[in-house]
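Reader: I am new to reading protein structures, and I would like to learn how to look at one feature after another. Could you walk me through this one?

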Amino acid sequence: MTGPEDLASWRALTALSAQEGRVPKACSGPMRLGTGGLLMDFSRQRVDDEVIDTLLTLADESGLQSAIEDLFEGRIVNASEGRPALHAAIRAPRDERPAAVAEVIEAEQERMFDLARRVRDGRLRGATGKPFSTVVHIGIGGSRLGPELAVRALGGELEIRFLSNVDGTAAIRTFMHLDPNETLVVVASKSFETLETMSNARYARSWLLERTGDADAVGQHFIAVTANTDAARRFGIPEYHCLAMWDWVGGRYSLWSAVGLPIALALGEAGFRELADGAHHMDRHFRTSPPAESLPAMLALLGIWNSNFLGASTHAVLAYDRRLSVLPQFLQQLEMESNGKSVRNDGQRSGVSTAPVIWGGEETDGQHAFHQLLHQGTRTFSSDFIAVVDPGHDLADQHRWLIANCLGQGQAMLAGAPLEDVSSDAPHRAVTGNHPSTTILLDRLDGRNLGMLLALYEHKVFCQSVIWRINPFDQWGVELGKRLADRVYDALGTGSADTVDASTASLVRAFKSRSG
């Protein structure tokens with residue numbers, strides 16, 4: 001296998017980006033694509049017909065269309081672990097799912113919806129007979145970010161709190177002021193061994209037992225989402241309160257599975273299905289559209305142009321809607337854990353840069369924090385602006401200002417304020433501009449449009465992985481950090497510091513001497 005840098009189209013793009021003083025001409029066609037209630041405008045990208053045509057050739061030379069079919073047909077696309085990636089199958093209608101998983105998906109979804117219905121209508125109650133008023137969802141990474149994003153964005157009827165960080169302060173504050181008799185705890189961990197999740201789960205169990213004095217309360221107040229039901233049972237959760245996680249669905253793609261139980265609890269079965277239907281709409285669009293008309297493919301190709309050829313090593317996600325405040329965190333994991341790789345599928349080191357650093361914030365707060373660097377700093381970056389047309393409230397003037405800022409900031413990043421346009425004695429007012437961005441508009445923030453947005457980014461990540469020739473469905477770097485933490489944990493206790501490096505051993509001694 002050769003690298004993408006060996007393709008004729010990659011060499012052509014390198015030559016185009018290296019043309020000194022090159023100013024892209026206006027594209028002859030529309031720089032806007034849409035499907036359903038989602039519109040993607042890339043008129044503020046530094047591209048022209050020649051660049052776009054060459055990017056589309058890159059997609060063709062990379063075998064993107066056949067890779068898309070492999071994904072949807074359930075073929076092995078996670079090469080290092082020998083697995084398919086079937087997250088799209090979960091949200092598809094039953095007759096469009098690969099036969100090998102159609103029935104198991106249907107059965108597990110019905111179990112999830114049944115649990116959600118019984119919690120929501122009060123038939124499933126706590127140990128003292130009280131209905132549940134609050135749900136605490138314990139999970140980390142994909143077992144938390146997707147469900148929290150959807151619940152924060154779409155609201156719901158139950159109060160749902162999310163706990164992921166192993167920091168004890170987070171655990172204490174999550175359970176603060178809760179009534180244990182009315183609290184349901186969901187523990188989401190594929191292995192049921194994840195350090196942060198199980199540490200918090202044990203705290204939750206102790207919190208419940210200390211306040212109820214009922215040893216049997218765990219079985220009534222806890223639900224597990226896991227592939228390790230034996231471990232969940234040993235923890236005290238009965239099998240009928242265990243929902244399945246599958247190894248053919250990666251954590252950062254798992255909100256569509258039983259990991260999304262908080263979404264079903266908050267929104268009900270209809271709300272969950274609306275979210276999944278939106279994602280499936282994007283799946284169909286992605287699978288059936290040629291790259292030139294495909295929102296995910298074009299978003300991916302523009303990202304590659306910006307990061308590999310224009311030098312943008314960071315990408316900002318600028319969400320102009322408070323309900324999408326978790327989106328930058330969600331995309332950080334989705335993009336950087338998926339494509340933050342330096343080894344190709346053939347085992348050779350990548351000869352090109354892969355995923356950029358993804359970051360962002362809640363706008364317009366970000367404009368008064370980091371936008372100064374974006375406008376007048378020295379770093380090269382790209383960005384996505386995301387806004388909602390119908391705000392879902394009646395504060396029309398505030399929404400008009402919000403959208404004005406969103407569109408105005410994109411204009412400023414591209415056009416800037418050149419030195420010749422400002423006073424000669426005020427060069428500090430100059431803004432270089434020339435920073436590319438894409439603007440994504442949702443007609444409204446409902447389940448269907450949010451599902452489309454999330455699937456858009458999932459497929460963008462897949463497209464880029466195909467072109468970079470890396471595996472977006474494993475995360476071996478994360479495993480290394482876990483192993484090292486185990487050694488340090490022992491050293492911080494009664495274990496020897498000889499198992500860690502000299503610098504870490506010195507820090508361990510410093511911590512222990514200061515902790516009394």
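This is a predicted model: local features need pLDDT of at least 70, side-chain atom pairs count only at pLDDT 80 or more; totals for chains, interfaces and linings use all residues.

Author: Gladly! The largest cavity holds about 110 Å³ of space. Among the 17 residues lining the largest cavity, those closest to its centre are Gly303, Asn306, His315, Ser382 and Lys460.

Reader: How does one find such a space at all, and how many cavities of 30 Å³ or more are found in the whole structure?

Author: The general idea is that rolling a probe the size of a water molecule over the atoms shows where empty space is left. In this case, a search of the whole structure turns up two cavities of 30 Å³ or more.

Reader: Which elements give two or more residues to the lining of the largest cavity?

Author: They are α12 (295–309), β8, β10 and α16 (447–468). Helix α12 gives the largest share, five residues. Sorted by class, the lining of the largest cavity has five nonpolar, nine polar and three charged residues.

Reader: And what lines the second largest cavity?

Author: Its lining consists of Lys190, Ala244, Met245, Trp246, Val249, Ser254 and Ser257. By class, that is four nonpolar, two polar and one charged. The space in the second largest cavity is about 30 Å³.

Reader: Which helix supplies the largest share of the pocket lining?

Author: That is α17, with seven residues. Helices α8 (195–212), α13 (327–339) and α17 (476–492) each supply at least two residues.

Reader: Let us turn to sheets. How do I read one?

Author: In general, the strands of a sheet pair through backbone hydrogen bonds, either parallel or antiparallel. Here, six strands form an open sheet with mixed pairing, and their order is β1-β2-β11-β10-β8-β9. At the edges are β1 (32–35) and β9 (357–362), each of which pairs on one side only. From one strand to the next, the twist averages 15°.

Reader: In which sense do β10 and β11 pair, parallel or antiparallel?

Author: Strand β10 (residues 381–390) and strand β11 (residues 437–444) pair in the parallel sense, over seven bridges.

Reader: What should I look for when two helices pack against each other?

Author: Look at the angle, the distance between axes and the residues that meet. Take α2 (residues 49–61) and α12, which pack at an angle of about 110° with their axes 10 Å apart. An angle from 65 to 115 degrees counts as roughly perpendicular, so α2 is roughly perpendicular to α12. In this contact, Val51, Ile52, Leu55, Leu56, Leu58 and Ala59 of α2 meet Met298, Leu301, Ile304 and Trp305 of α12. By class, the contact has 10 nonpolar residues, with no polar and no charged ones.

Reader: At what angle do α5 and α11 pack?

Author: Helix α5 (residues 99–120) and helix α11 (residues 261–288) pack at about 105°, and their axes are 9 Å apart. These two helices are therefore roughly perpendicular to each other. Among the residues that meet are Met112, Phe113 and Arg117 in α5, and Leu265, Glu269 and Phe272 in α11. The contact divides into 10 nonpolar, two polar and four charged residues.

Reader: Finally, which backbone details deserve a look?

Author: The peptide bond from Glu363 to Thr364 is cis, with omega near 15°, and Thr364 sits in the loop between β9 and α14 (371–376). Then find Asn434, in the loop between α15 and β11. Asn434 is not a glycine, yet it has a positive phi of about 70°.

How values were computed:
Residues are numbered from 1 along each chain as its sequence is written. Side-chain values use heavy atoms; hydrogens and water are left out. Helices (H or I, at least four residues) and strands (E, at least two) are DSSP runs, numbered from the N terminus. Two strands pair if DSSP finds at least two bridges between them. Axes are lines fitted to C-alpha atoms, for helices over the stretch in contact, and angles run from 0 to 180 degrees between N-to-C directions. Angles under 35 degrees count as roughly parallel, over 145 as roughly antiparallel, 65 to 115 as roughly perpendicular and the rest as oblique. Contact means heavy atoms within 4.5 Å. Ala, Val, Leu, Ile, Met, Phe, Trp, Tyr, Cys and Pro count as nonpolar, Asp, Glu, Lys and Arg as charged, and the others, Gly among them, as polar. On a 1 Å grid over the protein atoms alone, a cavity is a set of points where a 1.4 Å probe fits but cannot get out, and a pocket is an open set with protein on both sides within 12 Å along at least five of seven lines; lining residues have an atom within 4 Å of a point. Grid points are joined across faces, edges and corners, and a volume is the space filled by probe spheres set on the points.
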